[in-house]
Amino acid sequence: PLDTPDWFLETLESYGDHPALAYKEEGQWVKLTYRQYYQQCRAAAKSFLKLGLERYHGVGILGFNAPEWFISDIGCILAGGLATGIYTTNSPEACQYVAANCEANILVVENQTQLDKILKVKDQLPHLKAIVQYKGPLKQKLPFLYTWAEFIRLGEDVSEERLNAVIDSLQANECCSLIYTSGTTGNPKGVMLSHDNVTWTVQSALSTVNLTPAEEVVISYLPLSHAAAQMFDMWLGISFAVTTYFAEPDALKGSLGTTLKEVRPTCFLGVPRIWEKMQEKMKAVGAKASPMRKGIANWAKAIGLEYNYSAMNGENVVPWGFGLANSLVFKKVRAALGLDRCKMCFTGAAPITKDTLEYFMSLNIPVMEIYGMSESSGPHTVSRNEEYRITSCGKVMPGCKTKLDNPDEDGNGEICFWGRHVFMGYLNMPEKTAEAIDQEGWLHSGDLGKHDQLNFTYITGRIQELIITAGGENIPPVPIEDALKAEVPIISNAMLIGDKLKFLSMLLTLKCVVNDSGEPTDKLSPEALDVCRQLGVTATKVSEIIANKEPAIYNSIQEGIVRVNARATSNAQKVQKFTILERDFSIGGGELGPTMKLRRPIVVKMYQEKINEMYS
C-alpha cells in the first residue's frame, strides 16, 4: 500500500520538470512543473501547520477549480489534515454543516461571494482558526483572514524536519480525504477515503486503459468536491504525470467549448448533460446547413454508426466510404469540438441516453461510460475503447467484485461492490456506515442493475428512484423519460411522477436558450424553433406556448407519449397526463445537483401544486 505523498514523490523523480498544472492569467496560459507543484504543496502544508491545523481536522475548500484548490488539498494531506471539498453551490447553512462536521480548522475560499457565506456562519464554527481567500483582493481586513500570497509565506519559518516528521507519520490506511455526498435525502454524509483508497483505485482504473505517462492532457472543470473530478483531474494527474488545464469558472455556462479548442485534451470526462449540450449545439448548427451539406453529414453519420457498432462487437469491419467520411466529416467535427487529440472520451456521474451515445458514435467519437460512487473512491466499472457495450457501464475494475443482491426474475438486483476501493465509512455516522457496508464487507450501492453473458454491467435504475404506484407496481423512471425525450425533440427535461399515485404523469421542460450566467431563459433554443417551424407554430418563447396551450406542440407531445405507451409492458407503466413547466431545470434553480443530476425529491416539492392539478 502507498500513501499519497510517496506516490507524488515517485512521479517527481521521473517527471519533475514536466508541466503539471496550467491556468490562465491575463489571457495567457501559465504552467507549473511537477517540482514547483510539489514545492507549493509543501509550502501550503507548512502554513497550515503554522495556522494550527490539528491532526484529523478538516481543511474545507470552497471554490472553482484552480491550482490553489489542488495545492490546498494536497498541502492539507501532507500536514495530517482531512482535505474537504465544499460545493460552491452550497448555501451558508450547508457550508456550516460540512465545516462543523469535519471540525475544520481552516477554510480556503475562492472569492468574496464564498467568503460572505462563511462570515455569515462563522460564529457556529468553533474549530475554525483561519480563512484564506485565493482569488481577488480582500474587501475587508480581519485578523483571521489571509490572501493566498500571505498564506503561502506564513509557514516559511516552519522547519523541513517538522513537516517531514508529519509526512513520515502518515499511514496508507488512514483517512486523507472527505467527499460529502450531495445529500438528496437528509444531511450530506462525509465519505472517508484513505490514502490506499485513492492510490489503489487510480492504479487499478489506469491498468485497464492505454495511457502514456507524461503525454496526457486533461481539463479540470467539474466540481472538485465530487469524487469523479477529484480522481480524474487531481489524482490521475499525480499518478501519470498528466498536465491538467484549469477551465474558466463559467465553463458549465458555456466557455468550456472555447477551452476544449485551446487545450485539445487527450482524455475528456463529461457528465451526460455536457454531451447532451454538445449534441444540441451541433444539431442546431446542422439544422442551418444547406441541403447538400445535410445530405453528406447524414451519409457520413450512417457509416460512422455502422463502423463503431462493428468495432464495438469486435468485428472491425470498415464499411465502404469510411475513409472519405472521416476526412469530410469526422475529423472536422473532432477539430471543431477540440477533441482531435482525444484518445478517450468518458461519461459518468448520472445516466446518459442511448440517443446521445449513438449520436457521438455516428461521428466516430465513442463515449465510454464509467460507473461508481463516492463510497467506492469514484469508479467501480470502466468501459474502454477496446472493450465496451453501448448503454453498459463497462466491466468491474481489476481487483474488485460485483454482486447482485436479491435479483428479480429478469436478473435485476441491487449492485454491491467489494474491493480496496470501498471507503472507510461515513465520518461520525457509524449507523449510516452499517447501512451501507454489510457484515461481509459488501458496499450496497442503492442502484439496480444486471449483467450480460460477457459480464458487462448495466444500470437499470435506483432503488430510491423507483416509483411504486398506488397499485403496488415498481416502475424505474429513467427508461420512460429517455424514451419520451427521444420521441419529442423539443423536450429538454422530463420527470416521471406517480409514487403512491393512481397513474403516471410527467413534468416536462422545453429546450431554451441559456443566458451568460447559466440560467435558462424564456427564449426557445434553435432546435426548439426548428420543431415549431415544422409544426407551423410562430411562437419564439416557452411562455407563449404555455399561455396559448399551443395545440400543435401539445399534440406532438401527446403523440410521442402514445408511441412510448405502446411499448409499455403493462398499463401501470403508461403515462396518462403531462404538464409543461415555465422554466427549464438548472443548478441555480435547484432542480439539478452540482454534476447536473436530477434532484427528484426537490423537484416534487418545488412543483407540488402543478402535480396536484394533474391528479385533482
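Visitor: In E14, which residue is the bridge partner of Phe346?

Guide: This is a predicted model. To read a bridge, find the residue on the neighbouring strand that is paired with yours. Here Met368 of E14 is the bridge partner of Phe346.

Visitor: In which sense do strand E13 and strand E14 pair, and over how many bridges?

Guide: Strand E13, residues 344-347, runs in the parallel sense to strand E14, residues 367-373, and three bridges join the pair.

Visitor: What is the order of the five strands in the open sheet?

Guide: The order is E12-E13-E14-E15-E16, with mixed pairing. The edges are strand E12 (267-270) and strand E16 (395-396), each of which pairs on one side only. Helix H11, residues 272-287, packs on this sheet and touches E12, E13 and E14. The directions of H11 and E12 make an angle of about 100 degrees.

Visitor: Which residues of the largest nonpolar core touch the most other members?

Guide: That core has 119 residues, and those touching the most other members are Tyr37, Phe48, Tyr221, Trp235 and Phe268. Take Trp235 as a case. Leaving out residues up to four places away in sequence, Trp235 touches Thr4, Trp7, Asp73, Ile74, Ile77, Val198, Val202 and Gln230. There is also a second, separate core of 41 residues, including Ile86, Leu115, Ile131 and Leu427.

Visitor: Where do the domains lie in the domain assignment?

Guide: The assignment places domain 1 at 4-209, domain 2 at 271-462 and domain 3 at 467-615. Taken over C-alpha atoms, the centres of domain 1 and domain 3 are 40 Å apart.

Note on methods: Residues are numbered from 1 along each chain as its sequence is written. This is a predicted model: local features need pLDDT of at least 70, side-chain atom pairs count only at pLDDT 80 or more; totals for chains, interfaces and linings use all residues. Side-chain values use heavy atoms; hydrogens and water are left out. A nonpolar core is a set of buried Ala, Val, Leu, Ile, Met, Phe, Trp, Tyr and Cys residues joined through side-chain atoms within 4.5 Å. Buried means under 20% relative accessible area, exposed over 50%, partly exposed in between (1.4 Å probe, protein chains only). Contact means heavy atoms within 4.5 Å. Domain bounds come from an automatic or database domain assignment. Two strands pair if DSSP finds at least two bridges between them. Helices (H or I, at least four residues) and strands (E, at least two) are DSSP runs, numbered from the N terminus. Axes are lines fitted to C-alpha atoms, for helices over the stretch in contact, and angles run from 0 to 180 degrees between N-to-C directions.
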